[in-house]
Amino acid sequence: LSDQEDKGPDENQAQRRWHGADEGKVGARWWRDDVRAAETSGVNRRKILQGMLIGGGVILAGGLLATWASRDDDTVVENKDSLDVQRAEGWNVGSADQALMYPHRERGDVDGNLIAPDSLKTLGDDLSPRQTRFKPFYVPTLFGVLAQNDVHAQELRAELPPILTPAMQTAFARGRAFAELFKATNAEEKAPGDSAGLADLPGPEAIAFAAGAAEVFEPVFLFDNWPHPLGVVKSHEVLAAAAYFRPVFLRAAEKRAADAPAMFVTDRTRLAPYTDETAQFDNRYMAKVPGAEALAALGVKHVAYVTPQGTEELDDLNEDFVALDKASIDVKVVEMEDFQPDPESTEKTVYYYGGHPYFIPLFWSSYGWYAPYRSYPAAPGHRAPPAGSRGAGYRPTPRPTVFSGRSVGAGRGGVGRAKPSGFGRVSVASSRATGRVVGTAHGRSGSFGRGGSYGS
Amino acid sequence: MDYSFFGIQVVIAAHPKDQLRRRLHDLLAETDHEQTPDEKRSFYKRFCALVNESMPVFELGFWDLLRSRNAEDEFETWCSEIEGSMATEAEELGTEADEVYRLSTDKDYIIVTLLFLMVRDGAADRTVGRRADVPEAEWNTRQTFAQLIATAPLLDFETVRADAVYLMPGNDDDGISSDDLYGGDYKYLRMLS
């Protein structure tokens, strides 16, 4: 039963002595003969175990924690752009020993197929825009982390599960309902191609919404950060959601019209509160949406800003939207809450604007962007039409934000903007000799640097 | 060389549909005959993250940190008792309750065990000590168990002499019932709050 595997030990490797996994047994025991003895220098000074108790607990005293600022004199503390640090040291810099947590894991993608870790390297390419005119606006940063060749990226790919949350399922159905509004239904009717969408939803839901709308709208993703175990923005969930829906995006790309309108997609949690430098990693970012000139060049006259609920844009978009308004590009809010399943139907996975196909014309009469040719049956008398969409009355107005007055670029709004001070940055300790990062401020209560790999 | 022993065992009320047992099994089944410290850390990171996803349904548990000359014996005792008790042969399974191994055919629980034999005062030993430094009132909380389980990937495996991981039951057909747990052999387990 226990397969003794007494082979000679290789240097630096633990040898498995017992393994019960081949015939229904589940367990493993390893042994190594070359363990490193405890360092004698400093042990007493840093000794934290003060006693023992057998049978359920321990007696401990001390609680000595390494203090990062006084670690040694060979380092210099700097404040650097988070993404730059991650690119140099690995996406999980300073927290390589901490695992990412994924909600609602699935075993396979939307088709039920298992995902080979290496196949994730091409996720960014698979989800990039097909139309050349949209390619300059695609932000491949997030998906690009999966294409890295370092050991940390390899680990990220190996551990990345597809996810499907209930909120994603709803967002997918609402994405389909939104796209349905823009579908041409006969040869005479031309779809309203002068509109663009901007889905500003919590990351996994943004992916799901874009997937639901992908047969009509070409997704252009704007995720501009990398995940991190302590990240303020849980971008690993975006990756996991994208891995789940990848087949949907690929199929939709084949079905979509060659001149399909764009759906810009960003993560609404990108500006999440960052409050504790020692416990969080600041991987926040600003949405890089095309500016008025660029949108006009794309033939866009209307922008549907999709929010979960509420009719105010996030702070980093205020100036962009005001600029669009001044350039006569109409921005209106579309709340996801406006899309509901038919309350009289047993089918609860199909959503409609106002809760029934009867009310689709009301969308266009509310927003005034388009007059569809197709006729719709009159709503039965007992079905009251939905209250008018609040989003249709939205008009961007300037307001002071931490992002105000930071446009340093021209043309493509957002691309040239400067971040507010301290935004998306991390404090690191770098070696004076090599310039390499040897530690980070986050998670410093206990470990300093990459799980003790550096400079201990 | 002196050693410390750290062992933790947790009983999870596993819903049959949540695939937890299967996913843990698959991870264990894939382990290599040889593991470098980095590979070991990676394995424990994945394994412990999966276990801790079920923290809300941790029901019973036991953990022990022993820093004495008995540490090696303690490690061997745990390993041999668990390896000897695991129902692994076809005749040990089945739908009828086995008086020796299982008192009931309800299959509601899985048991995860992690064991480490560490160089005394080595980096791993110090890490465990730091993480286990919780008030006595919190020794048997789900939060503490999750914290201790999450300690495994933090260990410097250069200073770990031996380690072991066990998952019971060993397959989807067998199981552990509440009668098994509360019936006698597992009486050392503590109720978690």
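A residue is counted as buried when its relative accessible area is under 20%. By this criterion, helix 6 of chain A (residues 166–181) in the present predicted model has as its buried residues M168(A), A171(A), F172(A), A173(A), R174(A), G175(A), A177(A), F178(A), A179(A) and L181(A). In an α-helix there are 3.6 residues a turn, so residues three or four places apart point the same way. Helix 6 of chain A comprises 16 residues, and the span from its first C-alpha to its last is 23 Å, close to the 22 Å expected at 1.5 Å a residue.

Chain A as a whole contains eleven helices and twelve strands. Of its 456 residues, 53% count as buried. The accessible surface of chain A comes to about 19600 Å², and carbon and sulfur atoms contribute 50% of that area. Among contacts in chain A with a separation of 6 or more, 76% are between residues 24 or more positions apart.

Strand 4 of chain A, residues 195–201, is mostly covered, with seven of its seven residues buried. In a regular strand the side chains alternate between the two faces of the sheet. In strand 4 of chain A, S195(A), G197(A), A199(A) and L201(A) point one way, while A196(A), L198(A) and D200(A) point the other way; residues of both sets are buried. Strand 4 of chain A pairs with two strands of chain A. With strand 7 (residues 302–307) of chain A the arrangement is parallel, and five bridges join the two strands; here A196(A) has V303(A) as its bridge partner. With strand 6 (residues 262–267) of chain A the pairing is also parallel and again extends over five bridges. In that pairing, M263(A) of strand 6 of chain A stands opposite G197(A).

In chain B, strand 3 (residues 58–66) is likewise mostly covered, as nine of its nine residues are buried. Strand 3 of chain B runs antiparallel to strand 1 (residues 3–13) of chain B, to which eight bridges join it. One bridge of this pairing involves F6(B), whose partner in strand 3 of chain B is L65(B). Strand 3 of chain B also pairs in the antiparallel sense with strand 6 (residues 190–191) of chain B, over two bridges. The bridge partner of G61(B) in strand 6 of chain B is R190(B).

Over all chains, a search of the whole structure finds 31 aromatic pairs. One of them is formed by F143(A) and F221(A), which are edge-to-face, with 5.6 Å from centre to centre and 90° between the planes. This pair links distant parts of the chain, since F143(A) lies in helix 4 (residues 141–144) of chain A and F221(A) in strand 5 (residues 218–221) of chain A, 78 residues apart. F143(A) has a relative accessible area of 2% and is therefore buried; F221(A), with a relative accessible area of 0%, is buried too.

A single aromatic cluster is formed by F178(A), F182(A), F209(A), F217(A), F339(A), Y353(A), F363(A), W364(A), Y367(A) and W369(A).

Technical notes: Residues numbered from 1 in each chain as written. Chains lettered and ligands numbered in written order. Predicted model: local features only at pLDDT ≥ 70, side-chain atom pairs only at ≥ 80, totals over all residues. Heavy atoms only, no water. Buried < 20%, exposed > 50% of the residue type's maximum accessible area, 1.4 Å probe, protein only. Helix = DSSP H or I, 4+ residues; strand = E, 2+ residues; numbered from the N terminus. Pairing = 2+ DSSP bridges. Expected span 1.5 Å × (residues − 1). Contact = heavy atoms within 4.5 Å. Areas by Shrake-Rupley, 256 points an atom, 1.4 Å probe, with all protein chains shown as cover. Phe/Tyr/Trp six-rings, centres within 6.5 Å; stacked < 30°, edge-to-face > 60°.
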